[in-house]
Amino acid sequence: YLELETMFGNSIAGRFSTLEINPIWMARYLSYTILCESFFIGIYLKDPTKNMGKIIGLTLLIIIQLYFAFLTASRGPVLAMLVSIVFIVMLHVRFRIAHLIGFLVLLLVIVVLVLSFVPMDIAERLLSRDDGGQTTTLLRVMINLDALDIFWRNKITGTGLGSFSVFYLKYPHNILTESLAELGVIGFSLLSIMLLTAIYYIFRF
């Protein structure tokens with residue numbers, strides 16, 4: 001997953017990225033992978049003695065990927081990923097409070113340890129609400145309103161995947177309005193079906 005090109009890619013404003021992928025999408029890709037691995041760990045935990053090697057291997061891989069996710073300094077994807085991991089574990093432990101509390105403590109320890117190896121400026125951005133003047137809350141609201149305006153002018157097919165940041169030169173920081181603007185009703189509906197299907201099978205499993 002972590003190719004050499006990714007590991008030695010360029011940096012945007014000190015944030016981990018590649019020539020082709022900006023920090024936010026890099027954080028999303030890493031978060032998606034971590035969530036998939038967390039799901040499999042949950043499965044393996046049903047028989048930990050038999051699957052201990054797989055559990056340890058996936059845990060180490062998650063820690064490495066979590067480090068690179070922190071380096072992107074993208075709070076939204078990272079926070080959503082951490083909350084989703086807790087949600088996945090809650091499904092597997094069937095609300096056994098003691099196990100859940102133990103896992104939360106372990107997750108907190110891992111996050112703190114990984115953050116301790118992250119450069120100070122990146123850690124400060126992750127833990128602060130200030131973007132260093134790059135994107136204010138008001139500006140984000142305006143960008144998202146513009147994304148919705150683009151959607152209304154291109155309702156069916158949108159303007160094309162990845163086009164918003166290219167033409168607008170700003171990132172909406174909202175995957176819903178971004179998807180509406182770039183994919184239109186057709187693409188957004190397909191994305192929604194995929195997400196709802198995944199949620200259904202998670203609960204069913």
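**Entry 1: an aromatic pair**

I looked up Tyr67 and found it partly exposed, at 27% relative accessibility. I take buried as under 20% relative accessible area, exposed as over 50% and partly exposed as in between, with a 1.4 Å probe and protein chains only. Phe68 has 10% relative accessibility and counts as buried.

I note that this is a predicted model, in which local features need pLDDT of at least 70 and side-chain atom pairs count only at pLDDT 80 or more, while totals for chains, interfaces and linings use all residues. Residues are numbered from 1 along each chain as its sequence is written, and side-chain values use heavy atoms, with hydrogens and water left out.

For a pair, ring centres of Phe, Tyr or Trp (its six-membered ring) must lie within 6.5 Å; planes under 30 degrees apart count as stacked, over 60 as edge-to-face and the rest as tilted. Tyr67 and Phe68 form an edge-to-face pair, with 5.6 Å centre to centre and 75 degrees between the planes.

**Entry 2: the chain as a whole**

I recorded nine helices and two strands in the protein chain. Both are DSSP runs numbered from the N terminus: helices are H or I with at least four residues, strands are E with at least two. Along the sequence the pattern reads α-β-β-α-α-α-α-α-α-α-α.

Of the 205 residues of the protein chain, 36% count as buried. I read an accessible surface of about 12700 Å² for the protein chain, 72% of which belongs to carbon and sulfur atoms; the areas come from the Shrake-Rupley method with a 1.4 Å probe, and for residues only the protein chains shown count as cover. Among contacts (heavy atoms within 4.5 Å) between residues at least 6 apart in sequence, 64% join residues at least 24 apart.

**Entry 3: nonpolar residues**

I define a nonpolar core as a set of buried Ala, Val, Leu, Ile, Met, Phe, Trp, Tyr and Cys residues joined through side-chain atoms within 4.5 Å. The largest has 30 residues, of which Leu66, Phe70, Met81, Leu82 and Val111 touch the most other members. Helix 2, helix 3 (52-71), helix 4 (75-93) and helix 5 each supply at least two residues of this core. Helix 3 gives the most, with eight residues. I also found a second, separate core of five residues, including Ile143, Ile150, Phe164 and Ala181.

On the surface I located a nonpolar patch of Ile97, Ile101, Val105, Val109 and Leu113, with about 450 Å² of accessible area together. Patch residues have over 30% relative accessible area and no salt bridge; nonpolar side chains (Val, Leu, Ile, Met, Phe, Trp, Tyr) are joined within 5 Å, like charges within 9 Å. I placed Leu113 in helix 5 (residues 97-116).

**Entry 4: salt bridges**

How many salt bridges does the structure hold? I count two, taking a side-chain nitrogen of Lys or Arg within 4 Å of a carboxyl oxygen of Asp or Glu.

In one, Glu178 pairs with Arg28, the closest N and O atoms being 3.3 Å apart. This pair links distant parts of the chain, with Glu178 in helix 9 (residues 175-204) and Arg28 in helix 2 (residues 23-44), 150 residues apart.

Arg153 is exposed at 57% relative accessibility, whereas Asp149 is partly exposed at 37%.
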